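This report examines selected features of one protein chain. The reader is asked to keep the model in view while working through the sections.

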Amino acid sequence: MNAIDDTVGDVFDLAAQRVEAATGLTFAGLRRRQFDAALDRMAGALGLPGAAACASWLLAGPWDDARSALCARFLTVGETYLLREPRAFDLVCDRARALLARGATRPLRIWSAGCCTGEEPYSIALALRRGVPQLPPERVDILATDLNDAFLDVARAGIYRRWSFRRTDPADLAAFFRPLGDGLYEVDASLRAQVRFANLNLASDVYPSAGTGTLAQDVIFCRNVLMYFAPAQAARVIARLRGCLVDGGWLVVNASEASTRLFDGFTPVFREDAVFFRKDALPVPAPAPAAPAVAPVVPARRPEPLPAAAPSARVPADAAAMDRVHALAQTAGREEALQCLRRAVEAEALSAPLQQRAALFALEHGDPALARHCVRRLLYLEPDSAFGHYLWALIEDAAGRRPRARSLLRDCRRLAGAAADAELGGAAAAWLERMS
Ligand SMILES: C[S@@+](CC[C@H](N)C(=O)[O-])C[C@H]1O[C@@H](n2cnc3c(N)ncnc32)[C@H](O)[C@@H]1O
């Protein structure tokens, strides 16, 4: 690189840093090339001669609405569809039923943060109308916010192409959408009336606040948004979202965003395709009768780290494989990370540490079938693994098989005692107590 290239590189770096500070969107690692390419397109929109000029424009003067709007337009990702990962909508219905059961008269408040073109908040309205028809529509308050005004315009119009309905039951399509011809469908007016759209930058500190209407939320959806933020920024957003929830309220993220260390003050609950985080505070509302028992947090002590200086070459290979999986989860997303994990699980079929870490990752990322496969391997290799029994109990509990989970926890407690692992034994005992 010559001196001019170096200078351009510096300007790009500074521009990326400024964009990250203002919008939360990070372009580290593999995503950096996307940023450089977007600068070119942004320059075109501004009538500037090229990416370097656009980077300089982003750096000059105070950060204003024009810069924010341009970044939102060119740097955000607009992938979404109706009734995506449907278990989250079951959670909303459970909350609505719990509110009704308590005889509360206040509205149920749901916030779709990073709502994109509106499919998510309309799905919430639809699921409630279908699942809890006894809750009057005027007692449902759905706030839907995004950084990108163009997305919000589409959301307010509430008109979607067939592709947005790729996971929608035809009965729901017929009941809640009006065909307009040319493959377009309009959201039913009464569902639209339940959703308030607004521009809100999650990287800013305007929330929680009464002015933004973000206080006392029962459930916040922030799915497929945090994956574009650096961990420190994601942690700040999560802390602010926590401040917006009622005690015992829920934060819903995508399974690949659910690195539990970012979610201080929450209890994670694993489901097949989602992870829900309950704001810790007492008293905690009783779970809905149909739901399986709330699974506890994986004990703070994670499975044994892979030995740093292992005698054989295989252990570092295990560590490297898991590092790759975690890096992919951050950059390419859950599916690719899980695919990489499946390969590693087969390549290192005789490595108990890898099977253990793989099981935990699969569980945290919403793939219980893979987690079960790894736990079986782990217990084949190390039948007395207390942590293996703990993970198995988590899987059984998430599947609603509580007696089996209880018996595994008792085994876990016994094995942890024999191995003098007081922390794990304590975690198993505490969970057993909560179950009884
Ligand atoms: C992939 S979409 C997710 C849509 C929806 N939540 C879902 O899961 O289907 C990500 C959304 O996050 C929004 N977003 C990105 N950065 C944001 C920020 N700093 N504040 C608010 N929204 C943001 C994007 O504009 C985009 O609409």
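This is a predicted model: local features need pLDDT of at least 70, side-chain atom pairs count only at pLDDT 80 or more; totals for chains, interfaces and linings use all residues.

## Helices α15 and α17

Two packed helices are described by the angle between their axes and the distance between the axes. Helix α15 covers residues 386-398 and helix α17 covers residues 422-435. Their axes come within 10 Å and cross at roughly 25 degrees. Angles under 35 degrees count as roughly parallel, and α15 is therefore roughly parallel to α17. The crossing in which α15 passes α17 is left-handed.

On the α15 side, the contact is made by Ala386, Phe387, Tyr390, Ala393, Leu394 and Asp397. On the α17 side, the residues are Leu424, Ala427, Ala428, Trp431 and Met435. Sorted by class, this contact of α15 with α17 holds 10 nonpolar residues, no polar residues and 1 charged residue.

## Helices α16 and α17

Helix α17 also packs with helix α16, which spans residues 402-418. Here the axes come within 8 Å and cross at roughly 150 degrees. An angle over 145 degrees counts as roughly antiparallel, so α16 and α17 are roughly antiparallel to each other. This crossing, too, is left-handed.

From α16, the contact involves Arg402, Ala405, Arg406, Leu409, Arg410, Cys412, Arg413 and Ala416. From α17, it involves Leu424, Gly425, Ala428, Ala429, Trp431, Leu432 and Met435. The contact of α16 with α17 consists of 10 nonpolar, 1 polar and 4 charged residues.

## Helices α12 and α13

Helix α12 contributes Ala337, Leu338, Leu341, Ala344 and Val345 to the contact, while α13 contributes Leu354, Gln355, Ala358, Phe361 and Ala362. By class, the residues of this contact are 9 nonpolar, 1 polar and no charged.

## Arginine 377

Arginine 377 is located in helix α14, residues 368-381. When residues up to four places away in sequence are not counted, arginine 377 touches Val345, Glu346, Ala349 and Gln355.

Arginine 377 and alanine 352 are 25 residues apart in sequence. In space, the C-alpha to C-alpha separation of arginine 377 and alanine 352 is 7.6 Å.

## The second largest pocket

Rolling a probe the size of a water molecule over the atoms shows where empty space is left. The second largest pocket has a volume of about 800 Å³. Its lining is formed by 37 residues, and those nearest its centre are Val77, Asn224, Val225, Met227 and Tyr228.

Which elements give two or more residues to this lining? They are α11 (314-331) and α12 (334-347). The largest share, 3 residues, comes from α12. Considered by class, the lining of the second largest pocket comprises 15 nonpolar, 12 polar and 10 charged residues.

## Two backbone features

Two loops deserve attention. Proline 208 lies in the loop between β6 (195-199) and β7 (217-221). The peptide bond that leads from tyrosine 207 to proline 208 is cis, and its omega is near 0 degrees.

Cysteine 116 is placed in the loop between β1 (108-113) and α6 (119-131). Although cysteine 116 is not a glycine, it has a positive phi of about 60 degrees.

Terms used: Residues are numbered from 1 along each chain as its sequence is written. Side-chain values use heavy atoms; hydrogens and water are left out. Axes are lines fitted to C-alpha atoms, for helices over the stretch in contact, and angles run from 0 to 180 degrees between N-to-C directions. Helices (H or I, at least four residues) and strands (E, at least two) are DSSP runs, numbered from the N terminus. Angles under 35 degrees count as roughly parallel, over 145 as roughly antiparallel, 65 to 115 as roughly perpendicular and the rest as oblique. A crossing is left-handed if the near helix is turned anticlockwise from the far one by less than a right angle, and right-handed if clockwise. Contact means heavy atoms within 4.5 Å. Ala, Val, Leu, Ile, Met, Phe, Trp, Tyr, Cys and Pro count as nonpolar, Asp, Glu, Lys and Arg as charged, and the others, Gly among them, as polar. On a 1 Å grid over the protein atoms alone, a cavity is a set of points where a 1.4 Å probe fits but cannot get out, and a pocket is an open set with protein on both sides within 12 Å along at least five of seven lines; lining residues have an atom within 4 Å of a point. Grid points are joined across faces, edges and corners, and a volume is the space filled by probe spheres set on the points.
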